[in-house]
Amino acid sequence: MSLSTLSKIRHFASPLALTSSHKWSRRNFAVEACEEPPGPSVKTPIPGPQSQQLKRELDTLQNTEAIQFFVDYQKSSGNYIVDVDGNVMLDLYTQIASIPIGYNHPRLVNVLKNPDNMSTFVNRPALGIFPPSEFVKTLSESLLSVAPPDMHQIQTMGCGACSVEHALKAAFMTFRRKERGGSPPSKEEMDTCLLNKAPGNPHISVLSFKNGFHGRTMAAAALTHTKWTHRLDFPSPDWPIASFPQLRYPLDSFVRENRAEEARCLAEVEDLISQYRKKDNPVACIAVEPIQCEGGDNFASPQFFQGLQDICRKNQISLLLDEVQTGAGTTGKFWAHESFNLRDPPDLVTFSKKMLSGGFYYRDHLRPTEGFRIMNTWIGDPSKVLLLKEVLNVIREEKLLNRTVDTGNYLLKFLLDTQVKHPKLLSKARGLGAIAAIDLPSGEVRDKVLYKLREKGIHLGACGAATLRLRPTLTLEKKHVDIFADKFEAVLKEL
């Protein structure tokens with residue numbers, strides 16, 4: 001495929017082209033998908049008896065302390081999740097923010113039923129060595145069609161954590177190529193790297209942020225600073241950790257204070273880079289989330305991220321924006337960093353969750369110069385990319401980015417209004433698109449609210465110390481927000 005052809009594909013399938021409309025209805029598609037329920041319906045405590053029995057059975061095989069309830073995925077539909085006891089819940093958590101257009105969407109069912117796609121689902125190739133014949137076309141029509149502006153290189157992966165792991169490898173290799181002045185690695189470097197020793201395994205570091213979350217594999221966990229359960233007992237490198245801005249709300253009442261806070265954090269980043277250079281452990285990359293999701297839905301201004309990019313350019317290091325939770329249109333733009341007005345594209349952008357496949361985009365200068373450097377057996381799954389292609393078609397046809405902005409504003413207004421009515425219980429209402437959050441007085445009160453909401457058929461998540469986290473699909477409508485609002489008000493009155 002020529003570069004001009006790729007360019008045309010990118011132009012006509014860009015996020016800006018997500019405009020034509022389409023109705024989601026069984027009349028248009030011959031599928032056996034369930035209609036979305038009219039509302040929540042709770043029959044038993046959650047978890048119910050069947051969930052509890054299944055948990056006891058699974059507990060004989062593995063630790064099950066994290067399991068909340070077992071799901072009947074065949075009966076779940078649209079924005080509703082159904083558990084094995086028949087409880088129907090409005091799902092505003094969506095598999096930890098990873099369901100883009102709802103459960104059992106008929107368009108995705110049709111992708112599975114299409115006989116032309118059978119081979120893609122039956123066979124899972126080692127993509128780095130034996131990719132399928134249609135893989136270039138599939139990538140061009142899916143992942144490359146929504147690539148962040150001016151980013152042209154793509155690497156698929158299986159999940160968010162391994163996407164971060166391998167993106168860091170790309171940053172490290174680029175940093176070392178600069179240090180060598182473009183020369184190939186020496187024999188000593190090739191020999192010593194097999195013994196876990198320098199110079200083949202150099203002392204270089206990645207700067208991350210307090211309350212950041214980037215995954216649970218070893219390097220990604222070294223960048224993760226949210227819960228002790230993610231880190232305890234695991235060896236970790238000596239890498240710098242900077243403060244992420246802790247903004248005060250309402251934002252328009254604390255403009256000066258928040259600017260000072262962001263300036264303080266940027267100064268700390270620069271100081272840490274200098275410190276680690278002096279201790280012969282230079283920073284090769286800064287890794288940061290556009291919104292710190294797991295760490296408490298912590299936001300920073302576009303100026304903060306512009307400042308980070310300036311620091312990276314000044315020190316000739318990479319900027320990795322981890323969009324695993326904030327990508328795929330969930331903020332109303334396809335990538336959250338598109339709201340930051342960055343002077344240049346980020347160097348690396350990782351993705352997963354609503355993108356269905358993991359992976360990362362990267363700028364041309366980070367492309368590996370040898371084969372097998374960024375590699376595992378599968379490095380992704382073509383069947384997930386095929387499903388993503390249809391998800392993107394639905395996003396475009398139903399104008400879901402526009403809907404996400406509209407519904408997200410409606411949801412945020414409700415949270416802000418409710419916060420005014422219950423100032424002793426609620427604070428820091430915040431959000432962007434389908435990402436929304438509000439704080440309770442403590443983790444204990446937050447967890448009590450979560451439980452009571454689930455009793456009323458609303459499924460939400462938690463993050464940070466005392467934050468309610470809302471992560472709906474892109475197909476959420478105002479009618480769903482109204483159902484949540486009614487139940488939330490009822491719970492607050494009970495408190």
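## Second largest cavity

The lining of the second largest cavity comprises 4 nonpolar, 3 polar and 3 charged residues. This description refers to a predicted model. The volume of the second largest cavity is about 50 Å³.

Its lining is formed by Pro245, Gln246, Leu247 and Tyr249, together with Gly296, Asp297, Asn298 and Phe299, and by Lys428 and Arg430. Asp297, Lys428 and Arg430 belong to this lining, and Asp, Lys and Arg count as charged.

## Largest cavity

The largest cavity holds about 60 Å³ of space. Its lining consists of 5 nonpolar and 5 polar residues, with no charged residue.

The residues that line the largest cavity are Thr404, Thr407, Gly408 and Leu411, then Gly433 and Ala434, and finally Pro472, Thr473, Leu474 and Leu476. Gly408 and Gly433 are among these lining residues, and Gly is counted as polar in this classification.

## Cavities in the whole structure

Across the whole structure, the search identifies 5 cavities of 30 Å³ or more.

## Arginine 107

Arginine 107 is located in helix 4, which spans residues 106–113. The relative accessibility of arginine 107 is 9%; because buried means under 20% relative accessible area, arginine 107 counts as buried.

The side chain of arginine 107 also forms a polar contact, at 2.6 Å, with the side chain of glutamate 390.

Note on methods:
Residues are numbered from 1 along each chain as its sequence is written. This is a predicted model: local features need pLDDT of at least 70, side-chain atom pairs count only at pLDDT 80 or more; totals for chains, interfaces and linings use all residues. Side-chain values use heavy atoms; hydrogens and water are left out. Helices (H or I, at least four residues) and strands (E, at least two) are DSSP runs, numbered from the N terminus. Buried means under 20% relative accessible area, exposed over 50%, partly exposed in between (1.4 Å probe, protein chains only). A polar contact is a pair of N or O atoms within 3.5 Å; within protein, one must be able to donate a hydrogen and the other to accept it, and residues adjacent in sequence count only if both atoms are side-chain atoms. On a 1 Å grid over the protein atoms alone, a cavity is a set of points where a 1.4 Å probe fits but cannot get out, and a pocket is an open set with protein on both sides within 12 Å along at least five of seven lines; lining residues have an atom within 4 Å of a point. Grid points are joined across faces, edges and corners, and a volume is the space filled by probe spheres set on the points.
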